[in-house]
Amino acid sequence: MLQTLYDYFWWERLWLPVNLTWADLEDRDGRVYAKASDLYITLPLALLFLIVRYFFELYVATPLAALLNVKEKTRLRAPLNPTLEHFYLTSGKQPKQAEVELLSRQSGLSGRQVERWFRRRRNQDRPSLLKKFREASWRFTFYLIAFIAGMAVIVDKPWFYDMRKVWEGYPIQSLIPSQYWYYMIELSFYWSLLFSIASDVKRKDFKEQIIHHVATIILISFSWFASYVRAGTLIMALHDSSDYLLESAKMFNYAGWKNTCNNIFIVFAIVFIITRLVILPFWILHCTLVYPLELYPAFFGYYFFNFMMGVLQLLHIFWAYLILRMAHKFITGKLVEDERSDREETESSEGEEAAAGGGAKSRPLANGHPILNNNHRKND
């Protein structure tokens, strides 16, 4: 049964154009082709990335945070209260008004004291500014190096300038070592992001991030299986071109360099819009949708690859909407917090009075990939 499933999964008609078989892609005469077994190395490499990340955050990002004067806010701890702690752990972190009144009677505290306790308890669980800075530093370093390396891999290739050459001779396209390692490192990094997402700072777009990572892993892996390597290198370099700008803006944001953060964000927004909403759909997607049909009839691999590209493009549109909304608030002078982060709930008397009429009020929960906090002294 397993052999039957294996045979169906690797059926040539799923992965290759008509009249081609896996035998056509066997290494010969010094020419090397992409093979599924090549990707086994990405899992141990992903674990290696996690180890390197640990030491990077400890010995590079942490001293850098101190150099940039990344400071933590003093957080008041919630006093020990078994009744409220049990509710917090089992029922919810933000009790409704009726639950606040019930907890008030059970604990012997006033309603305002219960609300204050839950605010402080939520703040205890929020990730520290240093943790956010270290994560952003790691991603910035990788994306910057990956972008430079990716451009070095493809900038001298003829298909970088003429996208019809992406499909020249497809799928009998020999690999070169730089393409192999570019693919292995990129895929390994996204595996490491998926492995660590549960322990990383949880954003409001948590679900979108999981979808993005899974879609990216599937897309990179499938493009390798189906020998879409030339198109894949273009797509990966295109994505890395803006990601390092976003992470650097976050780093300066956490350090309190608001003007630098805002200026980098504007550059990021321009690059993001150009690469994700112009170049990707009108050049790359056109290349993967139209040009292959000039050479062979559509097959499953063609449809699946472009379907996954469509999923990524929908995420890009979603995030671009939030970027444009942020840009509008820059222009109108209405600066906002990072809408993906948990808001730091203050303990000021003004905050207490604002909360006196009910539970802690939450900000709009728009899930923006790129939206940044522009005043970290008030917010996470």
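Glu 186 is buried (under 20% relative accessible area, with exposed meaning over 50% and partly exposed in between, for a 1.4 Å probe and protein chains only), yet Glu 186 has no salt bridge. A salt bridge here is a side-chain nitrogen of Lys or Arg within 4 Å of a carboxyl oxygen of Asp or Glu. The nearest side chain of opposite charge, that of Arg 276, is 10 Å away from Glu 186; Lys and Arg count as positive, Asp and Glu as negative, and His and the chain ends are not counted.

This is a predicted model, in which local features need pLDDT of at least 70 and side-chain atom pairs count only at pLDDT 80 or more, while totals for chains, interfaces and linings use all residues. Residues are numbered from 1 along each chain as its sequence is written, and side-chain values use heavy atoms, with hydrogens and water left out.

Glu 186 sits in helix H8, residues 177-196. Helices are DSSP runs of H or I with at least four residues, strands are runs of E with at least two, and both are numbered from the N terminus. Leaving aside residues up to four places away in sequence, Glu 186 touches Phe 142, Ala 146, Met 236 and Asp 240, where contact means heavy atoms within 4.5 Å.

I turn now to the charged pairs. How many salt bridges does the structure hold? There are 13 salt bridges. In one of them, the side chains of Arg 53 and Glu 135 meet at 3.9 Å, N to O. Arg 53 belongs to helix H3 and Glu 135 to helix H7 (residues 129-154), so this pair ties together parts that are 82 residues apart in sequence. Both Arg 53 and Glu 135 are buried.

Glu 135 also forms a salt bridge with Arg 139, with the closest N and O atoms 3.7 Å apart. Those two residues are 4 apart in helix H7, and therefore about one helical turn separates them. Arg 139 is buried, as is Glu 135. Arg 53, Glu 135 and Arg 139 are among the members of a salt-bridge network that also includes Glu 57, Lys 131, Asp 200, Glu 247 and Lys 250.

A further salt bridge links Glu 168 and Lys 165, whose closest N and O atoms are 3.8 Å apart. Lys 165 is partly exposed, at 28% relative accessibility.

Next, the backbone. Most residues other than glycine have a negative phi, and most peptide bonds are trans. Tyr 170 and Pro 171 are joined by a cis peptide bond, with omega about -5°; Pro 171 lies in the loop between H7 and H8.

Asp 29 is not a glycine, yet has a positive phi of about 55°. Its place is the loop between helix H2 (12-15) and H3. Ser 227, also not a glycine, has a positive phi of about 65° and lies in the loop between helix H9 (206-225) and helix H10 (229-254). Which of these is buried and which exposed? Asp 29 is exposed, with a relative accessible area of 75%, whereas Ser 227 is buried at 7%.

Finally, helix H6. Buried residues in H6 include Trp 117, Phe 118 and Arg 120.
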